[in-house]
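Look over the fold below before reading on.

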Amino acid sequence: MKRSEINRLMKTAIAFLEEQSFKLPPFAYWSPSDWRQRGNDANEIRECMLGWDLTDFGSGAFAGVGLIMFTIRNGHNTNPEYSAKPYCEKILIAGDGQVTPMHFHWNKMEDIINRGGGDLAIRLYNSTEDGELSQDDVEVSIDGVLTGVKAGEIVRLKPGESICLPPGLYHEFWGQGTVLIGEVSKVNDDNVDNRFYEEIGRFPEIEEDEEPLYLLFSEYPPAAE
Ligand SMILES: [Fe+2]
């Protein structure tokens, strides 16, 4: 992805968050030069991978297959300094028809919440032991109500509704209209915890054609002396 496209998408995301009255924490708006001056005091943000996260899943076509995310809080599975926090919260924006491809998590249980905007469509499959899509029925908790869905069936969440996705449950989702999505989960580690059904890139390759507006979480410089 070009940096100019990422900058533009961040601006659009911020406008949508404002429209939905969702506020981001201050570090969302730290510039690259703010980051260069930050010391050890911001280590939690670096280590727990908080902040902007944006990907086209290697599709080269963000509007069709992509997702913009912001990790608001997160623990850490291995760093003892942050491992006392067993939870994570993210905010995500899925565009109209913009797909996050089929995947499950090895370890993370997550609640996916429609926080506003359009409807959120989610397609579900159990996984088989060899990582295939099971044709067995799926049983999930939708806002505390145990619900049976057929393999591959699409669940539609309206604003305010949520679903609990346990580890090993395949899910693919997209917006019907632009949707503000909340995610409340166990600790998140995108480096090791995602099993995509088809092999795809989780992080974008970036072509630097202008200065970054805000850095992605993977781009923070080390703490200044
Ligand atoms: Fe997921």
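What follows goes from overall layout to core, and then to one residue in that core.

This is a predicted model. The protein has 3 helices and 11 strands. Their order is simple to follow: from the N terminus, the elements run α-α-α-β-β-β-β-β-β-β-β-β-β-β.

Now the overall dimensions. The C-alpha trace spans about 55 × 40 × 35 Å along its principal axes. For 225 residues, a compact globule would have a radius of gyration near 17 Å, and the protein agrees because its own value is 17 Å. Buried residues account for 28% of the 225.

Next, the interior. In soluble globular proteins, nonpolar side chains tend to be buried together. Here, the largest nonpolar core has 37 residues. Ile 68, Leu 92, Ile 93, Ala 94, Leu 120, Ile 122 and Ile 181 have the most contacts inside it. At least two residues each come from α1 (3-19), β1 (51-55), β2 (67-74), β3 (87-94), β5 (110-126), β9 (162-165) and β10 (169-186). The largest share, 7 residues, is supplied by β10.

Finally, consider Leu 120, one of the residues with the most contacts inside the core. Which residues does Leu 120 contact, leaving aside neighbours within four places in sequence? They are Ala 94, Asn 114, Leu 157, Phe 173, Gly 175, Val 179 and Ile 181. Two of these partners, Ala 94 and Ile 181, are themselves among the core residues with the most contacts inside it.

Definitions and conventions. Residues numbered from 1 in each chain as written. Predicted model: local features only at pLDDT ≥ 70, side-chain atom pairs only at ≥ 80, totals over all residues. Core = buried A, V, L, I, M, F, W, Y, C linked by C-beta atoms within 7 Å. Buried ≥ 20, exposed ≤ 12 C-beta atoms within 10 Å, placed from the backbone. Helix = DSSP H or I, 4+ residues; strand = E, 2+ residues; numbered from the N terminus. Contact = placed C-beta atoms within 7 Å. Rg over C-alpha atoms; globule rule 2.2 N^0.38 Å.
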